[in-house]
Amino acid sequence: MLRTRWGERWHGTADDDLAVGRPAVAVSTPQAVAVYREPPPHGSPRNLVEVTVADVQARGSAIQVRGIDQPDGAPGLAADITADAAAELRLAPGQVVWFGVKAQEVTLRATHPGVD
């Protein structure tokens, strides 16, 4: 499990370089993210994060929902959903939603300060 400086917890599969107390990031694809209007009361995704929508854009056959930048300045989280789902959710900038990701879809990767 990874814990951010602002209190979020991310469950996933750790890469070989990950060590307790070392900087790390949680990585998943936008296609692995489900979007909810309210936090779901039950379900299997171990990662559930409150997100304020910054932008909603068509990207080919998907609609990408991007959250505002994270507290550390990193780009906002993104979810790719279907046009039908986006229409049903009626997403708009400023709206608060929940992103859910199964732990098996998240990789916890060590970061190395000063290296991109």
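**View 1. D55 stands opposite R66 in β7.** Welcome to a predicted model, in which local features need pLDDT of at least 70, side-chain atom pairs count only at pLDDT 80 or more, and totals for chains, interfaces and linings use all residues. Residues are numbered from 1 along each chain as its sequence is written, and side-chain values use heavy atoms, with hydrogens and water left out. Strand β6 (residues 47–59) pairs with strand β7 (residues 62–67) in the antiparallel sense, over six bridges. Strands here are DSSP runs of E with at least two residues, helices are runs of H or I with at least four, and both are numbered from the N terminus. Two strands count as paired if DSSP finds at least two bridges between them.

**View 2. Five strands form an open sheet in the order β5-β9-β6-β7-β8.** The pairing in this sheet is antiparallel. At its edges stand β5 (34–36) and β8 (78–82), each with a single partner strand, so one side of each is left without a neighbour in the sheet. From one strand to the next, the twist averages 45 degrees; axes are lines fitted to C-alpha atoms, for helices over the stretch in contact, and angles run from 0 to 180 degrees between N-to-C directions.

**View 3. A three-stranded open sheet has the order β3-β10-β4.** Here the pairing is mixed, and the edge strands β3 and β4 each pair on one side only. Between β4 and strand β10 (residues 107–110), which run antiparallel, there are four bridges. To find your bearings, look for V25, which stands opposite R109 in β10.

**View 4. D15 sits in the loop between β3 (13–14) and β4 (24–27).** Which residues does D15 touch, not counting those up to four places away in sequence? They are L108, R109 and A110, where contact means heavy atoms within 4.5 Å. The C-alpha atoms of D15 and L108 are separated by 6.1 Å, although the two residues lie 93 residues apart along the chain. The D15 side chain also reaches the backbone nitrogen of A110 at 3.4 Å. D15 counts as partly exposed because its relative accessibility is 25%; buried means under 20% relative accessible area, exposed over 50%, and partly exposed in between (1.4 Å probe, protein chains only).

**View 5. H11 lies in the loop between β2 (9–10) and β3.** Its side chain joins that of R46 in a polar contact of 3.4 Å. Such a contact is a pair of N or O atoms within 3.5 Å; within protein, one must be able to donate a hydrogen and the other to accept it, and residues adjacent in sequence count only if both atoms are side-chain atoms. Leaving aside neighbours within four places in sequence, the contacts of H11 are M1, R46, N47, A103 and V106.

**View 6. R90 has a positive phi, near 50 degrees, in a residue other than glycine.** You will find R90 in the loop between α1 (83–89) and β9 (96–101). Is R90 buried or exposed? R90 counts as exposed, at 65% relative accessibility.
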